[in-house]
Amino acid sequence: MQATMGAADRLAQVGAVAIRDHMPRQHRDFFASLPFLVVGSIDQSGQPTASILAGPPGFVQTPDERHLRVAALPLAYDPLDLNLQSGAPLGILGIQPHTRRRNRVNGRVTLLDEHGFTLAVEQSFGNCPKYIHAREPSCVQQASEAKLICDEGLPDSARVMIAQADTCFIASAHPDALAADARSHGVDVSHRGGPSGFIRIMPDDTLMLPDFPGNRFFNTFGNLALNPFAGIMILDYVAGDVWQFDVSCQIVTDPDQIPLDPQAERVLMCKVMRTRRALAAMPLRWGEVKSTNSK
C-alpha cells in the first residue's frame, strides 16, 4: 500500500524511527491516565474483532518499557473473552478524545490471570490528532452482564445508529498473525472519524467507509490487502451500547467505480456478515462533542 501511494521510500525512513519495539516514557504515562482501551483480537478462524476495555485511570500500567499490564478483562458477550489467551496477538489503541491524543501498542499476551493480562510490546507508535471528535467520558456503574443481541447481516436498528455515527474503530490482522513471529505480522486496531454520517450504508448490508489523508503507515490497509476480514466497532456514547460488526472488506481506489467523498483517497467497502449489540455494556458515557475537527 505504501508503494502504491508513492510513500514507501519516505516511510522506510520514518517507520524505522516512529515505530518502536518499546514504549517511550511519554506513551507510558499517557496509557496510565486512560479510563478505557480499544483492543483488536482474532479468533482461531482469523476473524478480527474490535473491543473496548474500561477501568479507573491507572488500570493500565507499564512495569517497564517493553510490557503493558491491563487490569481488566472482557465481559462474556465479547469475542475478546475467548480470543484473550497466552500468546495471542493483540492490537491496542489508547485514545483520549477530549485532548485528541492517541497512541498504539501491538504485541502478544505473555501473562493472563483472573485480574487481567500483560502484553509484550512489539510495536509502539503515535498517531496524529486528525478526525478525533473531542468528547470527555464520565464513569457509570457497569452491569456484570450485558444483554446481547445478535443478527446476521445489518439490522434496521444498526442502520439508524450508523447513519448518525462520527467515529468507528476497525481491527485487522495479517493472515499469519496466529502463527508468525514477525513484528509486522500481527493484529492492529485503529480509529476512523469524520462528520456525522460519514459511513455510508449501501442496500446490500455493505458499509462504505472513506479513508481520508493521514500518516500513510497503512497498518490497516496493508493487513486488508492480504486478509479482507475485519471487525468494526461503533460506540453509543449516550446509551453505553457496544456495536460490533464482522465484515469482509474490499479496497476501492478507482473513483469511476464508486462515488468517493471529495476528501477521501480511497474507500473500504465492508460487507457486514454478523452484528452484535451489547446493551449498556460500557461503564462510560460521553457528553456532547466539544469541537468537531476533521483536520
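Predicted model: local features only at pLDDT ≥ 70, side-chain atom pairs only at ≥ 80, totals over all residues.
Local features need pLDDT of at least 70 and side-chain atom pairs pLDDT 80 or more, while totals for chains, interfaces and linings use all residues. Residues are numbered from 1 along each chain as its sequence is written, and side-chain values use heavy atoms, leaving out hydrogens and water.

**View 1. Arg28 in helix α2.** Helix α2 spans residues 25–32 (helices are DSSP runs of H or I, at least four residues, and strands are runs of E, at least two, numbered from the N terminus). Arg28 is buried (under 20% relative accessible area, 1.4 Å probe, protein chains only). Arg28 has no salt bridge (a side-chain nitrogen of Lys or Arg within 4 Å of a carboxyl oxygen of Asp or Glu). The nearest side chain of opposite charge, Glu65, is 5.3 Å away (Lys and Arg count as positive, Asp and Glu as negative; His and the chain ends are not counted).

**View 2. The second largest cavity.** The structure holds 3 cavities of 30 Å³ or more (on a 1 Å grid over the protein atoms alone, sets of points where a 1.4 Å probe fits but cannot get out; lining residues have an atom within 4 Å of a point).

View 3. Of its 19 lining residues, the closest to its centre are Arg135, Gln164, Asp236, Tyr237 and Val238. Helix α4 (156–164) and strand β14 (229–235) each supply at least two lining residues, and α4 gives the largest share, 4 residues.

Conventions
Buried < 20%, exposed > 50% of the residue type's maximum accessible area, 1.4 Å probe, protein only. 1 Å grid on protein atoms, 1.4 Å probe; cavity = no way out; pocket = protein on both sides within 12 Å on 5 of 7 lines; lining within 4 Å. Points joined across faces, edges and corners; volume = space filled by probe spheres on them.
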